[in-house]
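Subject: Structure handover

Hello,

Here is the structure for your work. My notes come after it.

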Amino acid sequence: MTQPLKEKAAAVYHLLQEEYGHPDWRPDFEPMDELVLTMLSANTSDINSGRAFEQLKATYGGDWQAVLDAPLDELTEVIRSAGMGPTKAPRIQAALRRILDERGAFDISFLAELPVDDGLAWLASLDGVGHKTASIVLLFCFNKPAFPVDTHVQRVSQRLGLAGPKDDPAKIKALWESLAPGDWFYALHLNLIRHGREVCIARAPRCEICVLRDLCDYYADNIEG
Ligand code: SF4
């Protein structure tokens with residue numbers, strides 16, 4: 001069973017690459033910025049979390065000590081556009097406190113040297129950091145072989161029939177990590193998200209233009225024939 005799934009996963013990787021190109025790994029943010037931005041992004045859109053992050057930077061000038069020392073109600077207001085401010089603000093301050101206490105500085109670059117599972121475990125031990133956030137930080141900042149599964153990756157994986165309809169993101173993460181080599185993860189993750197946003201749309205998948213339809217269980221079961 002694993003071998004056909006591996007072949008299917010490889011075909012998905014190559015077809016998406018033909019369609020969208022091969023995004024080369026390029027860190028967009030410093031690791032501390034990525035961690036906080038990703039914590040802000042829980043349960044909201046990239047636009048809203050991006051706004052909150054910009055507001056955070058504008059207010060505190062990139063000074064993490066100032067974020068840590070900020071009155072909680074002030075920080076909650078600053079990040080309001082990300083939603084769940086009363087939950088996210090104390091989590092961000094707790095993460096900053098822990099990093100400062102453990103590392104002596106607001107610096108998580110030590111994760112680059114850790115085995116991926118140890119890095120995931122350390123990040124996931126921060127309140128408010130789940131496997132998706134942890135994987136994003138490790139993959140995007142350090143090109144470590146951790147596969148983040150967001151709502152787009154989950155939906156496309158399930159419709160293709162690589163993942164089961166009831167599989168949760170943690171299971172789908174483990175599945176992709178067993179089916180694809182780590183040096184595919186960055187491009188594969190970005191191309192699956194793009195495909196989910198532009199073609200395999202949640203409400204109405206655009207199967208008629210999809211390059212994956214010959215591989216797709218949803219297409220075979222619902223559209224074809
Ligand atoms: S064929 Fe349709 S359901 Fe399958 S991956 Fe493409 S858009 Fe999604």
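Predicted model: local features only at pLDDT ≥ 70, side-chain atom pairs only at ≥ 80, totals over all residues.

Helix pair

Helix α9 spans residues 151-160 and helix α11 spans residues 185-198; their axes come within 8 Å and cross at roughly 80 degrees. An angle from 65 to 115 degrees counts as roughly perpendicular, and α9 and α11 are therefore roughly perpendicular to each other. On the α9 side, the residues that meet α11 are His 152, Val 153, Arg 155 and Val 156. They face His 189, Leu 192, Ile 193, His 195, Gly 196 and Arg 197 in α11. By class, the residues of this contact are four nonpolar, four polar and two charged.

Ligand shell

The ligand is surrounded by 14 residues. The closest are Cys 200, Pro 205, Cys 207, Cys 210 and Cys 216. Two or more residues of the shell come from each of α9 and α12, the latter covering 217-222. The largest contribution is that of α9, with three residues. The shell divides into 11 nonpolar residues, three charged ones and no polar ones.

Leu 111

Leu 111 sits in the loop that links α6 (85-103) to α7 (116-124). Beyond its neighbours within four places in sequence, Leu 111 is in contact with Pro 31, Gly 119, Leu 138 and Phe 142.

Positive phi

Two residues may be worth a look in the backbone angles. Met 84 is not a glycine, yet has a positive phi of about 55 degrees. Met 84 belongs to the loop between α5 (72-78) and α6. With 16 other C-beta atoms within 10 Å, Met 84 is partly exposed.

Asn 143, also a residue other than glycine, has a positive phi near 55 degrees. Asn 143 is in the loop between α8 (131-142) and α9. Asn 143 is partly exposed, with 16 other C-beta atoms within 10 Å.

Regards

Key:
Residues numbered from 1 in each chain as written. Axes fitted to C-alpha atoms, helices over the stretch in contact; angles between N-to-C directions. Helix = DSSP H or I, 4+ residues; strand = E, 2+ residues; numbered from the N terminus. Parallel < 35°, antiparallel > 145°, perpendicular 65-115°, else oblique. Contact = placed C-beta atoms within 7 Å. Nonpolar A, V, L, I, M, F, W, Y, C, P; charged D, E, K, R; others polar. Near = placed C-beta within 6 Å. Buried ≥ 20, exposed ≤ 12 C-beta atoms within 10 Å, placed from the backbone.
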